[in-house]
Amino acid sequence: MAGFLHRRDVVKTLLARRNADTLVVAGLGSSAWDVTAAGNDDRNFCLIGAMGLTVPIGLGLAEAQHDKRILVITGDGDMLMSLGALATVAQVRPRNFAIIVLDNECFGETGGQPTHTAGVADLAAIARGAGIEDTGEIREQGEIDALIADVYDAPGPVFRTVKIAYETLEDFKPPLDGAYAKDRFRVALLGAKAAVGGA
Amino acid sequence: MQEADWPAELFEVLCARGISQICHVPDSGHGRLIKLCEARNDMSVVTLTTEEEGVGLLAGAWLGGKRGALLIQSSGVGNIINALALPAACRMPLLVIVSMRGEWGEGNPWQLPMGLGTPKVLEAMGVTLFRADSADAVVPALDAAAGTAFNTNCSVAVLLSQRLIGAKEF
């Protein structure tokens with residue numbers, strides 16, 4: 001059943017609680033615009049391509065930065081492309097990692113063609129089946145406070161599907177140049193020397 | 001003459017180059033190297049469900065300040081092609097170690113197409129290749145590959161030839 005929550009409001013409310021220890025990886029398309037609309041933060045890494053790699057990128061970051069909280073915010077299309085990565089996340093079991101899937105049940109960037117979640121696929125159930133213990137689906141405004149508490153504070157990995165409406169909204173473009181986006185993120189996290197290639 | 005223990009030498013190069021994140025889809029050609037990495041407390045070793053996950057995972061590790069390497073078989077190279085846009089577009093380093101199949105006395109006909117295509121498709125995607133056909137070429141190839149990847153922020157693959165690893169009957 002399609003959702004009616006508004007994606008921009010959900011993401012803005014979710015990211016209002018972020019601090020310097022919060023690192024956000026956003027999937028391509030609307031999720032990246034939502035995250036950017038909430039604030040063009042140096043600690044965002046927004047994908048403009050690389051569909052299906054958002055969760056793996058977040059996992060690698062979570063493994064590298066155990067003291068930070070890593071949030072992946074992405075869409076149902078991107079998530080459906082990397083369902084196997086959920087099994088990898090469950091295996092690695094990063095305690096600092098949360099995945100939030102904004103599920104509008106369609107490919108929003110390409111004309112709104114229905115995805116598998118418009119049919120019978122249940123992403124939270126798939127995540128649970130992959131071995132992620134803390135999963136759930138959000139449909140109501142009244143569940144947002146609990147969503148935020150879990151995403152920031154619950155032992156990871158946390159997986160939440162948020163059922164949202166299909167809306168056509170203004171684009172809020174993050175930096176499109178990946179080299180700049182990568183350096184901006186690394187300098188914010190690791191310091192100025194990270195821009196010249198030092199790990 | 002004692003036979004060279006090239007997997008152990010590969011492991012020493014990975015350590016010397018500061019690599020702390022390993023991800024792989026296992027292959028018998030990488031078996032000993034994977035075991036050596038798993039024995040280290042300061043290395044994270046992640047088994048993937050498919051090879052392209054590793055390109056994303058290593059990009060995330062690099063964003064977080066860690067160097068890594070992806071260990072795959074040549075058949076898995078086909079799975080990472082589109083993912084290679086990520087390190088290319090972001091000018092991130094990527095180090096891939098590929099154990100070759102389908103080239104030297106291969107016993108499995110299904111391994112031939114991707115084995116033959118591996119160097120061509122990697123080059124087509126702008127990946128710099130280093131090849132090791134014999135045990136004494138392994139260390140120089142990996143060391144040069146790691147230096148190139150992490151000094152110039154580009155994607156590099158080391159192809160460990162099937163002649164080195166040994167042909168498989170199946």
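Mentor: Start with angles: axes are lines fitted to C-alpha atoms, for helices over the stretch in contact, and angles run from 0 to 180 degrees between N-to-C directions. This is a predicted model, where local features need pLDDT of at least 70, side-chain atom pairs count only at pLDDT 80 or more, and totals for chains, interfaces and linings use all residues. Residues are numbered from 1 along each chain as its sequence is written, with chains lettered from A and ligands numbered from 1 in the order in which they are written.

Trainee: What makes H1(B) roughly parallel to H7(B)?
Mentor: Helix H1 (residues 6-16) and helix H7 (residues 135-152) of chain B pack at about 20 degrees, their axes 9 Å apart. Angles under 35 degrees count as roughly parallel, so H1(B) is roughly parallel to H7(B).

Trainee: Which residues of H1(B) make the contact?
Mentor: Trp6(B), Glu9(B), Leu10(B) and Val13(B). Contact means C-beta atoms, placed from the backbone, within 7 Å.

Trainee: Why do S2 and S7 of chain A count as edges?
Mentor: The open sheet of 6 strands runs S2-S1-S3-S4-S8-S7 in chain A, with parallel pairing. Strands S2 (44-46) and S7 (134-138) of chain A each have a single partner strand, so one side of each lacks a neighbour in the sheet.

Trainee: How many bridges join S7(A) and S8(A)?
Mentor: They pair in the parallel sense over 5 bridges, and pairing takes at least two bridges found by DSSP.

How values were computed
Helices (H or I, at least four residues) and strands (E, at least two) are DSSP runs, numbered from the N terminus. Angles under 35 degrees count as roughly parallel, over 145 as roughly antiparallel, 65 to 115 as roughly perpendicular and the rest as oblique. Two residues are in contact if their C-beta atoms, placed from the backbone, lie within 7 Å.
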